[in-house]
Amino acid sequence: MHTLRPISRVFQRIANMVDRFSTQPGRFKPGTLIFQLTLLTCLSLCYPLQSICSSNQKASENELKAVYLYNFLQFVQWPSPLGGWSKGNAKIIGVVGDSPFGTALAELQITVNKNVTNPIKVIYYGQYHEDMNLRGCHLLFVSESEKQHIGKIMSNVKGAPVLTVSDVDDFISSGGMIALVREKGKIRWMINRGMTDKAGLRLSAQLLSIALTVVDKP
Amino acid sequence: MTRARHSGNPPIFARILCFVVPLLFFLSVTASANQSSEIIKMDSLLNKNLQELVEVEFSLATGSPKQLKAAPSAATVITAEDIERLGVTTLDEALETVPGLHVIPSATNVFTSIWSIRGIYSQLNPQVLLLIDGQPMRSNTNGNKPYGLRIPASIISRIEILRGPGSAVHGADAFAGTINVITKSSSDIAGTRGGVRVGSFDSQSYWAEHGSSYGEWEIAAGAEYQKSRGDQGRVIERDALGSGSPSMAPGPLDTHYEELTSHLSVVRNGFASRLFYNEVFESGHGPGVSQTLTGDGTSKGRQLLGSLSYKSIDILPDFTASATLSGSYLLAKNWFRFFPQAYRNMVGVPEGEDLNGGLELTGDYHGISHHQLRVAGGMNYYTTDTSQRKNFGPGVPEQFGPLVDISNTPYVYLEGHDRTLLYAALQDEWNFTEGWELTAGVRLDDYSDFGSAINPRLALVWNMTPELTTKLLYGRAFRPPTFGEQHFQNNPATLGNTNLDPETLDSLELVFDYRPVNTVRLGLNVFAYRIKGMIDYVADPQPATTKTAQNARDQEGYGGELEADWKVTEILRLRGNFAYQNSVDKATDHAVPDTPGMKLYADVDWAFLPRWSAAAQYLWIGDRHRAVGDLRADIGNYDLVNLTVRRKEILKHWDISLAVRNLFDRSALEPSDPKVPGDYPLEGRSFWTELRFTF
């Protein structure tokens, strides 16, 4: 207990100092310049501490989702002849509807294509209409704006080796393959294996094991 | 003396400002530094493996306004993220952020909240249709939402608000607007969460939710219990009995409440079943049923909505079909005390029980190039049963004595009634040339009691440039007379009329949606409407003291709304809207009373440090007029400021929020019945804090 005494004495002295300041009128009252400056200094000192302590990193949702699309391209095997990278061809990401990605996909393309061995290409199809052929891409991202047309879009690519991905609610039950979902501030995905099997796509074990859920809906 | 007091004890807000100014300065410096250091760049994201990526948190996105751009109506969507960042705790608080919509306590008997949209306003406001997961939530007796209903924000995934007529899609009552509350799905929750919120006026809320997939079953469930004593500072100086004995005025409005709300959804292979349950244990009557403080008037209610739907993709080539079976049970129990007991022991205990059922079939056909056709048809059956006890009026032997059960006698306020509705709707979205889309729809409703109504709508959407979308909208809506408006009897105040026609509304609207860059959205809507045959209770010729429902008046109005949404940086977002409306009661040629002619709303959301965020809301209500014959001066304008600060992961799995409502303790008044001359005060400054956990 004796060892604690010097510490308590230090606290006592600080308390006395504060007390003295606050009992002297006009010296250290909230609202005075000296108070504001002290507050500012204390807070500024706290800031580096705070940033050292924090290990919490965040990414823009658009960029994070774009990087997921790129990862899906790597963890899914397409049946030949669409095979892809081994032949040096670019893998194609198609976006149908209003792109929610902002500049993220363009940035992804530039960053990825610096490494010429695994190039990608992005096609923006725009809003869905009947005459569209959506089968010309490896991965098709269905935007929220096309929610009304999901049934039609799924029929459009039915049977073709196109990996369908979306962040629209109920995408899996609408016949989609991979649904991106928000979970506790992070992005996760759900997989409908029934649909990927049907399309002849082979998903890596890693993609399946980290998925939030894997369902098998025909 | 005064000077000494000033220097010694500066006003509390001066003192708060002294803290806030250096704090803001400090934060703005650090936040800008923080932004570049904490947001992970694309390069480093690409270097992470899958396991590392799933640990990366994302920052707030702008929501999903994109799809709204093309919606053939003036729509607003409020998402769960908006709700969380603004510290919104109930549906009413969320709706106050919508342009042209104002939440007002009803000046009629039970002080329930009503939603006035674009100057369309009546005492129980059945002109707004509330849907929960697409199912109507309204009383058959008055067409209003249940008394005292407070839908907690914790169960909401998103709220879709359509301003303007929606009868071509939703049928009856989608008149001034439609509010669809979508409850959380299993992927919205994805885990188990809960929270405790306590605050001023002894208010407390407890909520919990769970969502996950079990094999092919996706299950979501949530519940919130809310309770409050109400702000005892909402004092009215005079009531219908004056001030001082026998009146209980001056005294506080009775705004206590106790409520439980829950929802459950089970989805599997195209099948979805949803259940919504709300129990109002207690809801105070504000100034009292006869604008007289009594101390013990309350409403109780039980609401149960259920639906089972099946959606089949590709049942036929290019055809999607769905079927929905729905049912609802609404019980309203009121304890009306008309005066303080010591003055006159006058009590009425009416109960209404609604049981409704319906079946709807919908088909979407997209086999014709550039067309998307939708057909829908269905039937609904509505019944109301009533019971009543009271100690006054016809059928009661001893006036103001013991309560007498007059259920199933000719003296009851409303006998049991039922009606059947058959309807069919057709809609085509025609993409007739690049960038142009025409949506044309019509719905026919045929009611067993008063006849039929046809409601068309037309929407021409033109994507002029990728940045600018223009919409021209025409729509018609109707509101059928309710059971009460047709059949009220023996009431001390209001009587029904079986010769009523539905009230109808025609509206024309021009919408501009401009997104010059990805982070900015600007919107401008201008509208004009005309209502014919608005149903209102009109005073009967002397010497009768009753009012009878009539297609009493027409109303015309025009106005505009300006909206802006700017995501300044990844951590700072500004939003705001301004609404103006000018509505005229054609019977008197005067402005429609009590509803605001102008409304300004703005909020700012700022993630000022990692895991910290703060949101401020500003609301200004202005330009409200009195009714013709009400000699009081026009009601004053008011503004309110709310603040919410959140800290994520204060401990592992725990988040905390702190909020101040009406920060400057403004005296904000909402229009009262003239019997309470001083208007109804809103809540003064209040605080709450919430702890939430996530597993």
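How many residues does the hairpin that joins E27(B) to E28(B) run through? In this predicted model, the hairpin between E27(B) and E28(B) runs through five residues. Strand E27, covering residues 503-514 of chain B, pairs with strand E28, residues 520-539 of chain B, in the antiparallel sense, and eleven bridges link the two. Within this pairing, Asp506(B) has Arg530(B) of E28(B) as its bridge partner. E28(B) also pairs with strand E29, residues 547-569 of chain B, again in the antiparallel sense, over 18 bridges. Here Arg521(B) stands opposite Asp565(B), a residue of E29(B). In a regular strand, side chains alternate between the two faces of the sheet.

Another strand of chain B, E20 (residues 371-390), contains Asn380(B). Asn380(B) has 21 other C-beta atoms within 10 Å and is therefore buried, the cut-off being 20 or more. When residues up to four places away in sequence are not counted, Asn380(B) touches Asn356(B), Gly358(B) and Leu421(B). Asn380(B) and Tyr447(B) are separated by 67 residues in sequence, while their C-alpha atoms are 9.5 Å apart in space.

Two cis peptide bonds can be described in chain B. One runs from Ser245(B) to Pro246(B), with omega near 5 degrees, and the other joins Ala249(B) and Pro250(B), with omega about -5 degrees. Pro246(B) lies in the loop between strand E13 (235-236) and strand E14 (251-252) of chain B, and Pro250(B) is likewise found in the loop between E13 and E14 of chain B.

Positive phi values occur in two aspartates of chain B. For Asp623(B), a residue other than glycine, phi is positive and near 65 degrees. Asp623(B) is placed in the loop between strand E33 (612-622) and strand E34 (638-651) of chain B. With 16 other C-beta atoms within 10 Å, Asp623(B) is partly exposed. Asp665(B), also not a glycine, has a positive phi of about 50 degrees and belongs to the loop between strand E35 (654-661) and strand E36 (669-670) of chain B. Asp665(B) is partly exposed, because 15 other C-beta atoms lie within 10 Å, a count between the limits of 12 or fewer for exposed and 20 or more for buried.

Chain A has 218 residues, of which 38% count as buried, and contains seven helices and ten strands. Among its contacts between residues at least 6 apart in sequence, 58% join residues at least 24 apart.

Two packed helices are described by the angle between their axes and the distance between the axes. In chain A, the axes of helix H3 (residues 61-75) and helix H4 (residues 104-113) come within 9 Å and cross at roughly 50 degrees. H3(A) is therefore oblique to H4(A), and the crossing of the two is right-handed. On the H3(A) side, the contact involves Asn62(A), Glu63(A), Ala66(A), Val67(A) and Tyr70(A), which meet Ala104(A), Leu105(A), Leu108(A) and Val112(A) of H4(A). Seven of the residues in this contact are nonpolar, one is polar and one is charged.

A further helix of chain A, H5 (residues 150-157), includes the buried residues Ile150(A), Lys152(A), Ile153(A), Met154(A) and Val157(A). Just after H5(A), Gly159(A) adopts a positive phi of about 85 degrees.

Conventions:
Residues are numbered from 1 along each chain as its sequence is written. Chains are lettered from A and ligands numbered from 1 in the order in which they are written. This is a predicted model: local features need pLDDT of at least 70, side-chain atom pairs count only at pLDDT 80 or more; totals for chains, interfaces and linings use all residues. Helices (H or I, at least four residues) and strands (E, at least two) are DSSP runs, numbered from the N terminus. Two residues are in contact if their C-beta atoms, placed from the backbone, lie within 7 Å. Two strands pair if DSSP finds at least two bridges between them. Axes are lines fitted to C-alpha atoms, for helices over the stretch in contact, and angles run from 0 to 180 degrees between N-to-C directions. Angles under 35 degrees count as roughly parallel, over 145 as roughly antiparallel, 65 to 115 as roughly perpendicular and the rest as oblique. A crossing is left-handed if the near helix is turned anticlockwise from the far one by less than a right angle, and right-handed if clockwise. Ala, Val, Leu, Ile, Met, Phe, Trp, Tyr, Cys and Pro count as nonpolar, Asp, Glu, Lys and Arg as charged, and the others, Gly among them, as polar.
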